[in-house]
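Trainee: I would like to take a close look at a single part of this structure, and to understand how its residues are placed. Could you walk me through that part slowly, and then show me how it sits in the whole?

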Amino acid sequence: LEPMTRRYPNHPYEKEVEAFRQRRQEAATVRRLTQRQRLVSPKSEAQRMFESGLTHAQAGDNAAARRIWRAIVDVFSLVESETIWVRLAENALRELPETDSSPADAPEIQAAFEKARGFAQTGDWERAEAIWKGLEILYRHQPNADALLKRIEQERKAKP
């Protein structure tokens with residue numbers, strides 16, 4: 001598809017080609033993640049917990065990541081086989097920002113709010129509500145999502 005797109009940059013099938021390209025990229029991502037999961041060797045408890053802390057940090061919940069990594073240091077510091085995970089936890093604790101980030105600040109969430117606001121402004125409350133409800137489902141149990149949940153509440157109140 002690349003050679004065709006370069007040769008005919010304004011062809012009438014641009015949207016279809018882009019949709020196909022995106023589907024291929026998504027399929028490759030799923031395949032890569034699935035393959036990685038199959039190839040992963042059994043994990044030690046310290047490794048599993050370190051990765052749990054990493055997941056929290058990536059989600060912006062730095063407080064939970066900090067608790068987990070601090071516990072790894074406390075629990076496994078004298079277990080020789082877990083030295084690498086203790087060191088990684090100590091390094092992560094030093095590098096982790098003190099404050100949590102809010103998912104409400106993420107550009108993707110901002111884009112979702114813009115779409116919902118657009119639907120609300122045109123009177124399509126059902127589609128706006130679907131976005132708000134989806135955001136609530138995804139983030140209601142996230143400890144750092146208070147600002148996001150309050151924003152949903154405010155946007156719903158703007159409904160005439």
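Mentor: Let us start with the words we need: a residue counts as exposed when its relative accessible area is over 50%, as buried when that value is under 20%, and as partly exposed in between. Please keep in mind that this is a predicted model.

Within helix 8, the buried residues are Leu148, Arg151, Ile152 and Glu155. Seen down the axis of helix 8, these buried residues fall within an arc of 105°, so they line one face of the helix. On the face of helix 8 that is turned away from the buried side, you will find the exposed residues Lys150, Gln154 and Lys157.

If we set aside the neighbours within four places in sequence, Glu155 is in contact with Phe113, Arg117 and Trp132. With Arg117 there is also a polar contact of 2.8 Å, which joins the side chains of the two residues.

Trp132 leads us on to helix 7, where it is one of the buried residues, together with Trp125, Ala128 and Leu135. These four cover an arc of only 95° around the axis, which puts them on the same side of helix 7. The other side of helix 7 carries Glu126, Ala130 and Leu138, which are exposed. Helix 7 covers residues 125–139 and reaches 21 Å from its first C-alpha to its last, close to the 21 Å expected for its 15 residues.

For contrast, we can turn to Lys43, which is found in the loop between helix 2 (14–39) and helix 3 (45–58). Lys43 is partly exposed, with a relative accessible area of 35%. Not counting residues up to four places away in sequence, Lys43 touches Arg48 and Glu51, and a polar contact of 2.5 Å joins its side chain to that of Glu51. Between Lys43 and Asn144 there are 101 residues of separation in sequence and 28 Å in space, C-alpha to C-alpha.

Finally, let us step back to the whole chain, which has 8 helices and 0 strands. Its radius of gyration is 22 Å, well over the 15 Å that the globule rule gives for 160 residues, so the chain is more spread out than a compact globule. Taken along the principal axes, its C-alpha atoms fill a box of roughly 65 × 50 × 25 Å. Of the 160 residues, 26% count as buried, and the chain exposes about 11,700 Å², of which carbon and sulfur atoms supply 54%. Among the contacts with a separation of 6 or more, 48% come from residues 24 or more positions apart.

Notes
Residues numbered from 1 in each chain as written. Predicted model: local features only at pLDDT ≥ 70, side-chain atom pairs only at ≥ 80, totals over all residues. Heavy atoms only, no water. Helix = DSSP H or I, 4+ residues; strand = E, 2+ residues; numbered from the N terminus. Expected span 1.5 Å × (residues − 1). Buried < 20%, exposed > 50% of the residue type's maximum accessible area, 1.4 Å probe, protein only. Arc of directions from axis to C-beta. Contact = heavy atoms within 4.5 Å. Polar contact = N/O pair within 3.5 Å; in protein donor to acceptor, adjacent residues only side chain to side chain. Rg over C-alpha atoms; globule rule 2.2 N^0.38 Å. Areas by Shrake-Rupley, 256 points an atom, 1.4 Å probe, with all protein chains shown as cover.
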